[in-house]
Amino acid sequence: MIALWLAAFLVPIIVALTVVSRGALRSAGLWLAPWSALPALVLALVANVDSSYEFPWLVLGTRFGLDTAGQVFLLAAALVWLVAGIFARDYLAHDPERHRFWFFFLLSMSGNLGLIVVEDVVSFYVFFSVMTFAAYGVVVHDRGQAAFRAGRVYLTMAIVGEMCILAGMFFTVWGAGGTDLRIASEAVAASPQRDLVIALFLVGFGVKVGVLPLHMWLPLAHPVAPTPASAVLSGCMLKAGLLGWVRFLPLGIEPLVGWGEFIMVVGLLAAFFGVLAGLLQDDPKTLLAYSSVSQMGLLTLAIGVGFIGPESWDLALTAVIVYVLHHSLAKGALFLGVGVAGAVGDSLWRRRVALTGLAVAALALSGAPLTSGALAKTALKDATHTAHAPWADLLLTLSAIATTLLMVRFLLLIRVQLADDDSSKPFQLWIWLPWTGLVALIGSIALLLPWYVDLEIADPTAVTLAKIWSGLWPVLAGVVLFGGVGYLARRYNVQAPLRIPAGDLIVPIEAMLARKPDLAGIRSEVQSPRRFVVGIFQNRKWPLRRIESVMAQWGNAGILLMSLLIAFLLLLAV
Amino acid sequence: MNWEFWLPLLVLASSLVTALANFGLDEERHAARNILNLTGATVKLVLVGIIFWGEFHGRLYEARWEFLPGLDLALRVDPLALLFATLSAILWLVTTIYAIGYLEESPNRRRFFGFFSLCVTATMGVALAGNLITFLVFYELLTIATYPLVVHEGTEEALKAGRTYLLYTVGGGALLLTGIVWLYGISGPVEFVSGGVLGDVAGTYRYQLIAIFAIMIAGLGVKAAIVPLHGWLPQAMVAPAPVSALLHAVAVVKAGAFGIVRVIYDVYGLSFSASLGVLQPLSVLAAVTIIYGSLKALSQDNLKRRLAYSTISQLSYIVLGTTLFGPLGTAGGLVHLMHQGFMKITLFFCAGNLAETLGIHDVHEMNGVGRRMPWTMASFTVAALGMIGIPPVAGFVSKWYLGLGAIEAGQQWVIPVLIVSSLLNAAYFLPIVFRAWFREPDGEWTELQPRGRLEVGWMLLVPPVATALLALLAGLFAGWDFSPLGLTQEIIEDLYAQ
């Protein structure tokens, strides 16, 4: 059994190392690579929730274990990684640099799966970092200017996030007196620096989650990354940030209403902002990235609900678990669908299959009845009912309508793309098979879930007309609204009143950094944060530069020694 | 006549004999010289291994004799000495291999390897010194033995750097001597005892002891490159790569840092230092150095200069950890003594490989070198990530304990320092890694130097790969009893037993 736990994250690492070797070893690695998530999937299906294993000599003492939340996170992640991996096999078959892609893809996979199966703080951080840094490699795989820009924004934000997490962990572990992940949230709740720690974790993991306004890297990174990478970025890696919140935030311990309400508001803002910005995009993958911002906003809302009180957190956790499974599969299918649409060519039946599959995934995301989305949204609504937030019901329904708008726009973009493509393309089985399988799973997961884990959710088989209607009308309203507004806009020739470039806030921020700021009279053109700091130093008016050259002269050593002594004594006197 | 007496002496002798034999050997007898140096390094590693085993089984190794009336020279193996000695012995062997490969075809190898071995003798003496006087003797010997290595190339620039180096370190040595003499005047000969020996005279001489502390730290701070005494270090990087590697990882700078650890833990004692109020100013100074070194490293285009400023910053992690009162902070400081050694030596080996094979000295020439020298750059990447503190490389373990130690000692302000330093480290290391792996090759070197079966001779390739692996394993298996972190635990138990 223990072998399976280790295999879950070791197999991807080992295969990653073989793909960057040479000769037969590399060929074997490339052949195995798509299947590297299989051990994790098996583990997710057979793992005993109560079992745990400890390795005191590994890093700072590693402990493996899974609770219910971890089990579902693992299932969702392993499924999407596996499907994306198989998809990548044919998708990248002709890429001469594909070994490079696989290396980073597999390392991120290992980090992503590893952080779910550990139960100690340090290993969680280790795997989280491995995922963060390896993901840079898949984001910039394309090596174009856009890819490097996206990579720079991603990495800068991610590192700042990592540092916030690390600082938060210092306080957590000190408070807990050990690295046990299961008591981390209690330690945060009891910490004298509780609010600081909460803020650090909110920001630190928030970068990964893409919480407003830390979402800026998302719409840049998703379109430039190869399609299977976008699928796992949105489908799995964003959820790693969410799992971080679940593990570390003091949820369900004592009511922290102030934080709860703040986070709920932030989440709802993201839910609507994501749709608004997404509607104004022309690139399907950028649109989907904004849709992820919006959907993660809803999950942020659930975390906010969890702050309200212990009984709220019970329901909110259920909502988070179901929602994560739902969104991973649906968003994975949508992103991969963009790639599938690119493989349609002039074949009519392939076109139909692609559009139908995408429509199913889009319906699920909008929360149409009988899909995983309906289950997730019901769970979310149940949770908000405990949070004394009467406005939540209305806003969640509005958000479902908004999501539908976005999905209609997405399907239209894809349809245009399909209509434009009349080239003949070979049929690639390993692109179509995993994708259709994933779509089929979206349709059936709602029914399968009760057999898998024991959660307090509405019985998916108890279907009533009223329930179907309550799920269906927002979707219909969204479609009608989109059609109506679109018709009127065409009729009166109205243009969209504003444009939001991909990455929204990052654009003015970059411009600000690139301007020649008069800050301390720097003259050099500043392109990156590093150059910015360097610029300050190289400025002649800045005294540090002079000081350094004085110190470099050997004759001054004695003076310096004396002055250090004096400074030291002065410090003592204070 | 027993092993407990002779083993510490043999450890020193193994490199002293090598040094003398080197001087006696003709310049042209390269093969003999190589065998001699490799044998010396291996013998020393084995001897340290035996001591390690013995110490673990409770043996007490001590060699002591009176060289002036009332003044003993003493070599003693305590856990702290063992930590430093182990590090030196491992890295010396690796560096010897590297130096042989690096200096092939170059003149003056007799002089080089002679002083090289002398330098290690001195470092070992610093590690095993059992009292302040012995420490001082070897500390000064180190200064002198290193000078010919720094100026080895004999260029104008090297001579200038050598002058600066000598003035700084001799000045520092003089200060240290002053402090020791003053201290001996107050309390008589000072042995290194865990927990300190000055508690008895504390009441009467409080202010004198503070002044002595300041003088000794200033003296040691020169080699430990504490700002503003660091000026010599970036210049000394004109030395050949193996010298820079050893200088930045074990020999000179580490001797300074190790001396500070000795003074605080085994002369003054941690509690007594804290009651004197001298720890807080020193940790502020260390924090300033950490940030300052990183800021300066940002603007260096020359690779070795950037690494040199990074050393300044990283060394003060050790000092910072030493000043944090509590087992966790102590662990962070002590373990970084080893971790920084593994990582920094790797970085300098790699820089040497780039310069030697492709003629690359500046960061801006490094576009795409990962394709030409994958193993070198993979080692560089591991070490650089470790320097930033990205797990599971060793640097993370240091940072983790420093962060926890800061809270334990009630010095929360240290955490932002660590965070900012990590961010700055990322800002000057990641662009190098990025250029090497993600940019297309475009330097002049692309036409030169066609690649052989190996990217560079094995003597230049094995050392960085080995030390990078050590840095990785030290982090990955930090929880193991014999990892660097495990080795610090015994020191800490002694230290906090009182």
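Start by selecting chain A and chain B together and showing the surface they share: in this predicted model, about 5,200 Å² is buried between chain B and chain A, and carbon and sulfur atoms give 79% of that area. To display the residues behind it, pick the contact set, which takes 68 residues from chain B and 53 residues from chain A.

**The polar side of the interface**

How many salt bridges does the rule find across the interface of chain B and chain A? There is one. Polar contacts between chain B and chain A come to three residue pairs, counting pairs with both residues at pLDDT 80 or more.

Next, hide chain A and colour the helices of chain B that touch it. Those supplying at least two residues each are α6 (156-187), α7 (202-223), α12 (279-298), α13 (303-323), α17 (394-408), α18 (414-438) and α19 (458-476). Which of the helices gives the most to this side of chain B? Go to α18(B), with 13 residues. If you now colour the side of chain B that touches chain A by class, you get 47 nonpolar, 13 polar and eight charged residues.

**Two helix pairs in chain B**

To see where they meet, show Lys399(B), Leu402(B), Gly403(B), Ala406(B) and Ile407(B) on α17(B), then Val414(B), Ile415(B), Leu418(B) and Ser422(B) on α18(B). By class, this contact has six nonpolar, two polar and one charged residues.

For another pair, move to α5 (residues 132-150) and α10 (residues 252-268) of chain B, whose axes come within 11 Å and cross at roughly 170 degrees. That crossing makes α5(B) roughly antiparallel to α10(B).

**Backbone stops in the loops**

Most residues other than glycine have a negative phi, and most peptide bonds are trans.

- In chain B, go to the loop between α16 (374-388) and α17, where Pro392(B) is found. The peptide bond leading from Pro391(B) to Pro392(B) is cis, with omega near 0 degrees.
- In chain A, centre on the loop between α9 (194-209) and α10 (217-224), which holds Pro213(A). A cis peptide bond joins Leu212(A) to Pro213(A), with an omega of about -5 degrees.
- Still in chain A, select Arg143(A) in the loop between α6 (121-139) and α7 (145-176).

Definitions and conventions:
Residues numbered from 1 in each chain as written. Chains lettered and ligands numbered in written order. Predicted model: local features only at pLDDT ≥ 70, side-chain atom pairs only at ≥ 80, totals over all residues. Heavy atoms only, no water. Contact = heavy atoms within 4.5 Å. Buried area = accessible area lost by both parts, 1.4 Å probe. Salt bridge = Lys/Arg side-chain N within 4 Å of Asp/Glu carboxyl O. Polar contact = N/O pair within 3.5 Å; in protein donor to acceptor, adjacent residues only side chain to side chain. Helix = DSSP H or I, 4+ residues; strand = E, 2+ residues; numbered from the N terminus. Nonpolar A, V, L, I, M, F, W, Y, C, P; charged D, E, K, R; others polar. Axes fitted to C-alpha atoms, helices over the stretch in contact; angles between N-to-C directions. Parallel < 35°, antiparallel > 145°, perpendicular 65-115°, else oblique.
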